[in-house]
Amino acid sequence: MAGFFRNRGSVMSGPPLYEEYQVLKRLKLRASELHDLQNIGMIAPVARRGSDPMYCAGTIDALATDYHHTRMGCAIWWDFDLKRPGFLPTHLPWTSPDVSFYPFDNEEQQSWVRRYYKLRNACAPFPYPYPERLARYRSRMEDKATKAFERAHGIKRPRKRGNRKLRLGRGVFRRELSRTELRDLVWSKTIIRAAADLGMSEFTLRKICKRYLIPLPARGHFNHKNPKKRPPKPALPTMKRLK
């Protein structure tokens, strides 16, 4: 199938990806099992098409073996105290525990899963008590998987441009303003008053505006009694990169 990858919210053609239903079919998993594998970080989306997660077809195909199917089942049922899958029917085989960091990919993931399983089992049959932590972990794993996928296929994201927030001022005057908001501020009042609002000197504010290519009104701009006669504020010039 034609693939898609996420690129700052846009969808573009790229390496082949699987939708969730294809992953379930390819790995012979139930939806709840895929959900559990995402919670422990063994499988993560590498892109989004709208709000639907997309998975790397090559990775999913590599997991579609009897060995990995057993390994994923062991990860879902793993008991750290018994050091083997818990509640797994005795007649089913389970993979050898001599695999490095078995059954998880690294020490960081294993540490997370220890905490996750401990709390989940302690609160059973109720859901995991800290869903916000779980959401952050899954988001972090998805971001790592996406970056690894983009590196592997030479996909480059465009640099972030536009209205990134600038931290200005000190103490109680400290504020975060975008270039547009700073432009609007210096065109709404004199540069001396704008600088006072930010708790800085006029010279410092002029220097910041020069650095971020923010045009300033000419001398005498605010002397016009009729605001309609004042020159309009210009558009912001495009910056290649904000330092």
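Which helix gives the largest share of the lining of the second largest pocket? That share, 5 residues, comes from H5, and helices here are DSSP runs of H or I with at least four residues, strands being E runs of at least two, numbered from the N terminus. The model is a predicted one, so to speak of local features takes pLDDT of at least 70, side-chain atom pairs count only at pLDDT 80 or more, and totals for chains, interfaces and linings use all residues. Residues are numbered from 1 along each chain as its sequence is written, and side-chain values use heavy atoms, with hydrogens and water left out.

The second largest pocket holds about 400 Å³ of space. A pocket is an open set of points on a 1 Å grid over the protein atoms alone, where a 1.4 Å probe fits and protein lies on both sides within 12 Å along at least five of seven lines; lining residues have an atom within 4 Å of a point. The volume is the space filled by probe spheres set on the points, which are joined across faces, edges and corners. Among the 16 lining residues, Trp78, Asp79, Tyr117, Arg120 and Asn121 are the closest to the centre. Two or more residues each come from helix H2 (31-39), helix H4 (66-77), strand S6 (78-79) and H5. Sorted by class, the lining has 6 nonpolar, 2 polar and 8 charged residues (Ala, Val, Leu, Ile, Met, Phe, Trp, Tyr, Cys and Pro count as nonpolar, Asp, Glu, Lys and Arg as charged, the others, Gly among them, as polar).

Now for the helix packing. The axes of H5 (residues 107-123) and H6 (residues 131-152) come within 12 Å and cross at roughly 155°; axes are lines fitted to C-alpha atoms, for helices over the stretch in contact, and angles run from 0 to 180 degrees between N-to-C directions. H5 and H6 are therefore roughly antiparallel, the word for angles over 145 degrees, while 65 to 115 counts as roughly perpendicular. On the H5 side, Glu108, Gln109, Trp112, Tyr116 and Leu119 meet Arg133, Leu134, Tyr137 and Lys144 of H6, contact meaning heavy atoms within 4.5 Å.

H6 also packs with H2, at an angle of about 80° and with the axes 9 Å apart, so these two are roughly perpendicular. Here His35, Gln38 and Asn39 of H2 meet Leu134, Tyr137 and Arg138 of H6.

Definitions and conventions. Parallel < 35°, antiparallel > 145°, perpendicular 65-115°, else oblique.
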